[in-house]
Structure formats: C-alpha cells, structure tokens
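Below are a few friendly notes to read with the model open beside you.

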Amino acid sequence: MIEIKKEECVSCGLCAKACPFGSIDLAKGYPELRECRQCGACVEACPRKAIVIELKKTTLTEHRGVLVFAEQRDGKLVEVVYELLGKGRELAGKLDEPLYCVLLGRDVERHAKELVGYGADKAFVFEHPLLEERLEEPYSKIITALINEIKPSVFLVGATDFGRSLAPRIAARLGTGLTADCTFLDIDSEKKLLVQTRPAFGGNIMATIICPNGRPQMATVRYKVMKKAVYDPARKGEVIKRVAPNELLESRVRILKETRRDQKEDVVSAEVIVAGGKGLGKEGFRLLKEFAKEIGAMVGASRPAVEEGWAQYEQQVGLSGKTVSPKIYLAFGISGAVQHVSGMESSEVIIAVNKDPKAPIFDIADFGIVGDANEILTELIKQVKSTRRECI
Ligand SMILES: Cc1cc2nc3c(=O)[nH]c(=O)nc-3n(C[C@H](O)[C@H](O)[C@H](O)COP(=O)(O)OP(=O)(O)OC[C@H]3O[C@@H](n4cnc5c(N)ncnc54)[C@H](O)[C@@H]3O)c2cc1C
C-alpha cells in the first residue's frame, strides 16, 4: 500500500530524483507513483516523510503449488522447460501440492497437452499475436497477474537469456525474492521451504538460500543441471486457456531487428565436446579444432582460452559460460578449476589430458592421460585419419 501525505509534501522533487524507475510524476504538486516497484528509494529520500509504502504482507499459508514458466521460442518449447517440469514434479510431490505451467505465445496451445504429459496438473495458456515476440513487459505483467490469482508457493524459470531477464521483473512486481542460476533445488520437508543452491563467491562455495517471508519462492535454473521429466501420454491434467487484458499486452519496447547467434558454435546441445584450456596454446587449439572436425565433436574452452582469443565466448564452459552435459567430454590442458568443473561435471564420461598428474581435473575424470596434450592430439588425429583410410 502506498500513502502520499499531501499536506506534508513541499514538492521539493527529491523523491522523483531518487526514483530509479522514473515512476514519480510531480505535475500535480505532489508525487503520483505510477508502476511503482516499491523499492523504497523515495521514502528514504523524502525529508518530510510524506511517502509511506507499506509492503504487502504475504499470507504464506494461502500459497500452494509449483509453477513452471514454459518458455517457448519460435513456437517451440525450449529444452530447459522439460527439466523444470522434472524438478517441479518432484518438488510438488514433496509438498503434496499441484504442479502448474504457464505458456505464452502465438498459436502455442498445442504444447499445453505436451506439458500435461510431462507432469503439469494444470497448464495455463495465454495466446495472442502480440505475444509472439517475447517481450519482458507484457510477459511479466501477465505472469504476475496469474501468480496473484493462483498463488503458487514456488515459481521456476529457466536461466535462459530471456528467463534471466524476465524473472527479476516478476520478482520485483511481486515484491518477493529470487535466487538466480540455481544448480540444485529441494524441499525442507519440516518447514515446507524451497532450498535453493547455487555457486557463490566466484564458484568457490555453494550457497544454500531460502526465502522464508516472500511468496512465491522464485528461482531461475540452469539448463542441463536437472533431469528431464519423463513423458506419459496417458497423464491427465487440465489445459486452461486465458485471455490477457489489452492493458497487460502493452509494451514500451519494440524489437526492430534480431541477430541470431551461430547455433553451430553452441556447445550446450553437443553430444561430444573436445575442450581446450590454457595449457593447450594457440597451436594446440588448431589441432583441437582439427580433431573435433575429424570425430564430429564440438569445441569447448576454458575461460582463459577464450580470453586469449583461441575460442569464442559461446564455446566457454563453466560458471560464467555454458553448462554442458554431453555423452563424452574430453578436456585437454584444462586444470579443473571449480568454476570450469561446475559447467561440465554432469557429463556422462569425462576424459582428461594433462601433463600434471596432480591436476584437479583428474579428481572428476573417468579416464585420465598424463602427458603433453599437443602430442596426444597430433597422435589422435593421425590415428583417426588412418582408421578412416583403412575403412575406405
Ligand atoms: C567468477 C569467476 C568465473 C569464472 N568462470 C569460468 C568459466 O566459466 N569457465 C572457466 O573455464 N573458468 C572460469 N573461471 C576461471 C577459473 O577460475 C580458472 O582460472 C580457469 O578455469 C583455468 O583455466 P585453464 O584450466 O584453462 O587454465 P590453467 O588453470 O592455467 O590450467 C592449465 C592446465 O594445463 C596444463 N598444461 C599445461 N601445458 C600442458 C600441456 N602441454 N599438455 C597438457 N597439459 C598442460 C597445466 O598442468 C594446467 O593444469 C572463472 C573464475 C571466476 C573468478
């Protein structure tokens, strides 16, 4: 609740200056707050205490259920949604509460049944031509309105580029907390709280975060860190079509042009990754790319290798890069720093090549070769080529 004590206001304008969102209009001689995020900056700035913001008290017990944002891109559900449904189903089971989904877009209703098959008890669908373009403003307004209506206790969003931009806007509108980039989620069964774990302090510690006073408890979740839900075509659930009011569809942003990243360089979906680190050097990276081409693998890299310009940022694996989970991950000249490992440790098989037998990468590797990575790559390329020649 916001109260403006007009009799106290001297129209000094300090509140408008302090507002980081430009939401204060002083045209009438006293502040009018539009689309206020309730950050409280104006309250602190006002020397006459003419603005009072009383944060809405959430009644925790009235919140039930786990809501998953079913993000779509170009009319297709993005991969992380299936993982959120897998985790969402597990959390909802532990809470003994329903699992909901919310899907927005144009002509996307066909996916709603699929969401039910993947575990949703109720799938809310908002369809409109204006929702085809994924714009944070209408999406956040519509989802906020839905959350205020159905009151879930947990809300999960994929840590995609769009999800990372959308989730904080919704959290701010709802006045609740948000834990970004979670790698592990669970329920504290005694307190019925969402336990959210994510790397902190440069990945050197894993922080466990709870949100005891705000609802819903919001988390963004990285791609490829949680198990996908299993599809059951016989699963029963409800598909609920909704119409978003026109005022929620409005956006101050228009997308004029979109430039797509080269998907060929995207390591996230690769089944085999050959990754290189600082120990490989520029020439080693040339060999690495040749080897990757020979075996049909994608090239990944550690952060120093990207900083040296031997690989693109899109190829960086780790805390500040991509999280990958290929069938085989080959690491050449990578030490195995915690920030790198956090992005690839869920790979099915890890093979490490390092000249230092004490390199930490060997602690998580299934197979390790102690030796010079450049020499080993040269030999591997030779072997692959000669095997191919024999086959021909
Ligand atoms: C906030 C933060 C985020 C970060 N995010 C990331 C991230 O996303 N991804 C990432 O990778 N790092 C990240 N880092 C950096 C990380 O801490 C490490 O510095 C980095 O992973 C080390 O990269 P590296 O293993 O290639 O290099 P180094 O640590 O220098 O290791 C090189 C390795 O190569 C071996 N070697 C040298 N020569 C040879 C040879 N001829 N043959 C075989 N082995 C050889 C050495 O024994 C050594 O083990 C981050 C750091 C911070 C603080």
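1. Let me begin with a loop. Pro216 is placed in the loop between β14 (205–209) and β15 (217–221). The peptide bond leading from Arg215 into Pro216 is cis, and its omega is near -5°. Please keep in mind that this is a predicted model, so the cis bond is a feature of the prediction.

2. Lys151 lies between α5 (136–150) and β10 (154–158). Its phi is near 50°, which is a positive value in a residue other than glycine.

3. Now to the ligand. Where does the ligand sit?

4. What is the make-up of the shell around the ligand by class?

5. Leu319 takes part through its backbone, with an N or O atom 3.1 Å from a ligand oxygen. On the nitrogen side, a polar side-chain atom of Asp372 lies 3.1 Å from a nitrogen atom of the ligand. As for cover, the ligand taken alone exposes 980 Å², and the protein buries 75% of that.

6. Finally, charge pairs. Side chains of opposite charge can pair when their charged atoms come close. How many salt bridges does a search of the whole structure find? The count is 26. One to display is the salt bridge between the side chains of Glu90 and Lys87, at 3.2 Å from N to O. Both residues belong to helix α3 (residues 80–95), and because they are three residues apart there, about one helical turn separates them.

Definitions and conventions: Residues numbered from 1 in each chain as written. Predicted model: local features only at pLDDT ≥ 70, side-chain atom pairs only at ≥ 80, totals over all residues. Heavy atoms only, no water. Polar contact = N/O pair within 3.5 Å; in protein donor to acceptor, adjacent residues only side chain to side chain. Areas by Shrake-Rupley, 256 points an atom, 1.4 Å probe, with all protein chains shown as cover. Salt bridge = Lys/Arg side-chain N within 4 Å of Asp/Glu carboxyl O. Helix = DSSP H or I, 4+ residues; strand = E, 2+ residues; numbered from the N terminus.
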